[in-house]
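Subject: Structure handover

Hi,

Here is the structure for you to look through. My notes follow below it.

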Amino acid sequence: MKTLYLECNMGAAGDMLMAALYELMSESEKQDFLETMNRLFPGVEIQPRQAVTCGITGTHMDVTVRGEEEHSHDVALGCGHDHDHIHEHHHEHDHSHAHDHHHDHDHDHGHTHHHTAPADIAALLDALDAPAEVKDAAKSIYARIADAEAKAHGMPVEKIHFHEVGALDAVADVTGACLAVHMLRPDHITASPVHLGSGQVRCAHGIVPVPAPATAHLLEGVLCYTGDIRGELCTPTGAALLTHFAESFGPMPVMSLEKTGYGVGKKEFPAANCVRAFWGESGAPQQAEIVELCCHIDDMTAEALAFAGEQLLAQGALDISCAPLTMKKGRAGVSFTVLCKPRDEGRIAHAILRETTTNGVRTRRCGKYILTPSVKTVETAYGPIRVKCADGEGIHRKKPEYEDVASAARTAGLPFQKVWEDVLSAIRGEVSQNG
């Protein structure tokens, strides 16, 4: 299956990950990627340029907002106390990647400073003319960052605020990385242990240790290490992207390597300042681990539960199910079950407590046997339609991608079932032709 391995020997940041993934694309895909990104955010332009680090040539993504390159390419967060301008992770040049610079109010950057709540970022992402999968992933990543900042500052998520202009290029970084993953469609994503850097960085609250508190919260349960290189190598945005997409952290799996991408940062270090993305074919893991989070609810409407499910999926839950049951004293209720990755257990459990009326969540870790997943494209009368496949132990399954069939049905003005059956016929025809 198609495997993406992210090597984070120099940490990770949003623009570096986007650039590394961009290098894995074909020339036509690169053009489509840039055309899409440069129409999503009015006033924001993304341009790749060749960059060299320790003799290695790669790509750096220049992100400009209204023609000006922002001084921070990471999420700028404020505590939201009164109207003070408090900006997290705007670190001085000597202590960070070049995209994480200190934002000094004594300098005129040509814009005023405002704050934007996480809900505003979610609304911005919802309004994008982008695939739903991309928007959902970006919203989930921002939810992770907001939760981590809230935990670091000991305050509710709703009191965390993003710096409006500084966040715009960060939103583009996050969206770009999500769009790149969407276009590449790897079957399996894994990453190396994450190099965090070392030392201290200056922020609005004073001097704090590396990794920054929010980054440390985001990387809980992930293999990490520090070293001799001074500076903040892994930013909150980089940590949130890695923990959202990577299914595991460790050595590179055995794979037939097809392509390597280099996402280069601006800052010079003794070691090559880049994220490497390896792309190739590997065997699928046949066993995996998953967490079931379950609670019984008898005082929420179906609509309220559906809304809670949408919020949990946006925050990284893998799947959600509801089953009717009879509770004590004959009350009708539902068994609300949420599946998530083991490293997300605590965060998703707290989200269930926040989004539903339950007072407790049961948790259970389960092993599971899985078929090897993959995605292929079949040409149909409605155009190319993606097909989800599962193989292993002599089992072969194929199923059209719902979103593609639904989009084709809307475009053709036909019932969903008609298009679905036509696509199934196209799949069977392809199998017959291939013998």
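Helix H7 (residues 236-245) is largely enclosed by the rest of the structure, because 10 of its 10 residues are buried. Buried means under 20% relative accessible area, exposed over 50%, and partly exposed in between (1.4 Å probe, protein chains only). The buried residues of H7 include Pro-236, Gly-238, Leu-241, Leu-242, His-244 and Phe-245. Helices (H or I, at least four residues) and strands (E, at least two) are DSSP runs, numbered from the N terminus.

This is a predicted model: local features need pLDDT of at least 70, side-chain atom pairs count only at pLDDT 80 or more, and totals for chains, interfaces and linings use all residues. Residues are numbered from 1 along each chain as its sequence is written, and side-chain values use heavy atoms, with hydrogens and water left out.

The chain overall: the protein chain has 11 helices and 24 strands. Of its 435 residues, 52% are buried. Take contacts (heavy atoms within 4.5 Å) between residues at least 6 apart in sequence: 71% of them join residues at least 24 apart.

Now the cores. A nonpolar core is a set of buried Ala, Val, Leu, Ile, Met, Phe, Trp, Tyr and Cys residues joined through side-chain atoms within 4.5 Å. The largest one has 65 residues. Leu-6, Phe-33, Phe-41, Cys-178 and Leu-242 have the most contacts inside it. Helix H5 (residues 164-184) gives the largest share of this core, 11 residues. Leaving aside neighbours within four places in sequence, Leu-6 touches residues including Leu-17, Leu-21, Ile-189, Leu-242 and Arg-276. Another core, of 17 residues, lies apart from the largest one. Leu-293, Leu-312, Ile-320 and Ile-348 are among its members.

Last, a sheet. Three strands form an open sheet in the order S22-S23-S24, with antiparallel pairing. Two strands pair if DSSP finds at least two bridges between them. S22 (372-380) and S24 (395-400) stand at the edges with a single partner strand each, so one side of each is left without a neighbour in the sheet. Neighbouring strands are turned by 25 degrees against each other on average, direction ignored. Axes here are lines fitted to C-alpha atoms, for helices over the stretch in contact, and angles run from 0 to 180 degrees between N-to-C directions. Nine bridges join S22 to S23 (residues 383-392). Pro-373 has Ala-390 in S23 as its bridge partner. Helix H10 (residues 402-412) packs on the sheet and touches S23 and S24. The direction of H10 makes about 155 degrees with that of S23.

Best wishes
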